[in-house]
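Thanks, everyone. I'll take a few minutes on the aromatic side chains, then stop for comments. Here it is on the screen.

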Amino acid sequence: MSDIGNGRTGRADVVIVGGGSAGAVLASRLSEDPTRSVLLLEAGTAYGVDGYPEDLRDAAHVPANPEHEWGYTARGGAASPEIPVARAKVLGGCSAHNATVAMRARPSDVRDWQRHGLDDWTIDDVDEAFREMENTPDGDGAHHGRTGPFPVRHQRYDDLTTSLRGFIDATVAEGFPRVEDFNGPDPSGVGGYPVNVIDGVRQNTGLVYLTEDVRNRPNLKISGGVLVDRVLFHRRRAVGVLTASGAEIPAGEVILSSGTYASPAILLRSGVGPAADLADLGIDAMADLPVGQHLQDQPFYYNGYALRAQALDMRPAVGALLWTSSSEARGDELDIHIAVTHLLPARFSPTGGAIALSVAVVKPDSRGTLRLRSRDPREQPEIDCNFLAEGRDARRMLDGVKLARRIARNPTLAQFIELEIMPGDTVGDDQLADVIASNLASYGHPVATAPMGGPDDRWSVVDSHGAVKGIDGLRVVDASIMPVVPSVALNPTTIMIAERIAKAVYASEPGPSHRVVPVAPTA
């Protein structure tokens with residue numbers, strides 16, 4: 001049994017709870033100062049750099065095997081009462097099991113955050129943070145970084161499968177422009193995805209931020225298999241955490257980086273949340289804050305097809321995207337994704353090959369909730385995504401699926417398609433809205449269960465640097481603090497948030513933490 005399991009552990013200057021997309025970044029950055037002791041607690045397995053199993057290394061395996069998942073379920077919407085909402089339980093977090101899409105939040109996404117009193121989250125500062133963390137040979141050097149720890153490779157047309165190329169060609173034939181760089185100034189249109197994949201291996205934060213050199217720092221300890229119950233307080237200051245096994249771990253400061261579902265659950269069990277809800281569970285309120293009251297995720301619908309024999313090549317599995325505006329988009333919103341992948345399991349296809357033209361409303365109006373079912377840290381919280389509750393969301397989703405089907409029927413792509421699997425060729429437009437509502441999924445991008453905001457923002461739980469309001473020594477730094485979901489996959493934006501907060505709050509004068517070989521720009 002570990003020292004933590006026995007309840008014997010020394011006081012760390014900083015305890016980070018959760019080693020995912022944000023937590024691994026924080027552990028790396030904060031331990032750059034050799035005078036600061038850092039303890040990283042991960043509920044899942046803390047694999048070594050060379051120890052990740054194939055389901056986590058293989059970029060085509062999404063999500064991970066059950067042993068690397070929390071197994072969360074949620075209410076999707078009125079007609080989708082229970083859906084899976086995958087979250088990884090492993091060092092590297094969701095960066096270790098996701099679809100590897102490496103797209104940045106847009107300036108309009110940052111402006112959405114600023115409306116919550118976050119004036120210090122400027123577009124220029126966010127762009128600079130993205131460039132500093134990026135390591136890519138692609139794109140204009142004015143917009144991209146060459147020496148950061150986070151590898152990004154933009155998949156080109158010739159890199160893609162037969163049917164993915166067919167999708168791009170068909171979409172262009174339908175009048176949409178090609179995009180060469182989704183992380184450039186104008187991402188509207190169709191093209192290959194940027195991904196954080198090298199030689200087919202998913203580059204999770206446990207690999208690229210927690211390198212061997214970083215893990216060998218004497219002031220950094222990483223402990224896996226540690227489920228945290230709640231935060232411990234002395235008066236109104238966090239002084240450590242209590243694990244589910246009863247071990248008390250003292251700390252000078254606590255940072256929760258357990259993700260959009262687990263971080264708010266820890267806060268609620270700790271007495272930080274809506275006072276009335278806490279009282280119902282017999283939890284004394286330490287701070288009456290709207291934890292879990294503004295959950296936002298992106299609704300998703302799988303428009304799936306069986307591929308013909310001449311188009312059964314299936315790798316890369318994540319390949320192409322149409323990013324566009326709906327007829328009800330506001331301002332410069334790009335609010336619709338048609339994400340085209342081979343992630344629909346081949347067993348669903350009679351031909352053994354499948355392609356999904358999956359549709360998401362990426363700037364939804366609807367908000368959901370997260371609440372505790374009990375005080376037991378081993379029991380899942382009650383998650384309600386509340387998808388399509390707002391009429392504009394339902395209309396945009398319907399229009400997006402109609403567009404996906406139109407593209408699939410364009411002869412340029414249709415030549416590679418045997419039949420429509422979902423919803424099926426017999427489902428007409430008059431039935432489509434009901435079919436979508438009954439078969440919703442999550443795009444896997446939940447945010448805003450502990451949102452950041454300014455002093456006057458009534459939604460906010462934390463300030464612009466993740467500090468929990470009214471509590472000393474406690475921060476939340478992960479996707480849960482985004483007040484509005486960005487119009488992209490969350491992983492790069494979550495890493496960017498951790499980088500910015502680490503630099504703003506904890507920066508010292510460290511030596512280099514990564515051995516980075518600069519990559520030459522692509523001609």
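Trp70 has a relative accessibility of 26%, so it counts as partly exposed, since buried would require a value under 20% and exposed one over 50%. Keep in mind that this is a predicted model.

Now the partner of Trp70. Trp70 and Tyr72 form an aromatic pair, with 5.9 Å from centre to centre and 15° between the planes. That pair is classed as stacked, because planes under 30 degrees apart count that way. Tyr72 comes out at 8% relative accessibility, so Tyr72 is buried, whereas Trp70 is partly exposed. Tyr261 belongs here too: ring pairs link Trp70, Tyr72 and Tyr261 into a cluster.

On to another pair. How are the rings of Trp113 and Trp121 arranged? Their centres are 5.8 Å apart and the planes stand at 75°, so this pair is edge-to-face. The cut-off for that class is an angle over 60 degrees. As for accessibility, Trp113 has a relative accessible area of 1% and is therefore buried. Trp121 is also at 1% relative accessibility and counts as buried.

Last, charges over rings. What lies over the face of Trp121? That is Arg500, at 4.4 Å from the ring centre. There is also Arg106, whose charged end sits over the ring of Trp323, 6.0 Å from the centre of that ring.

That's what I have. Comments, please.

Notes:
Residues numbered from 1 in each chain as written. Predicted model: local features only at pLDDT ≥ 70, side-chain atom pairs only at ≥ 80, totals over all residues. Heavy atoms only, no water. Phe/Tyr/Trp six-rings, centres within 6.5 Å; stacked < 30°, edge-to-face > 60°. Buried < 20%, exposed > 50% of the residue type's maximum accessible area, 1.4 Å probe, protein only. Lys NZ or Arg CZ within 6 Å of the ring centre and 35° of its normal.
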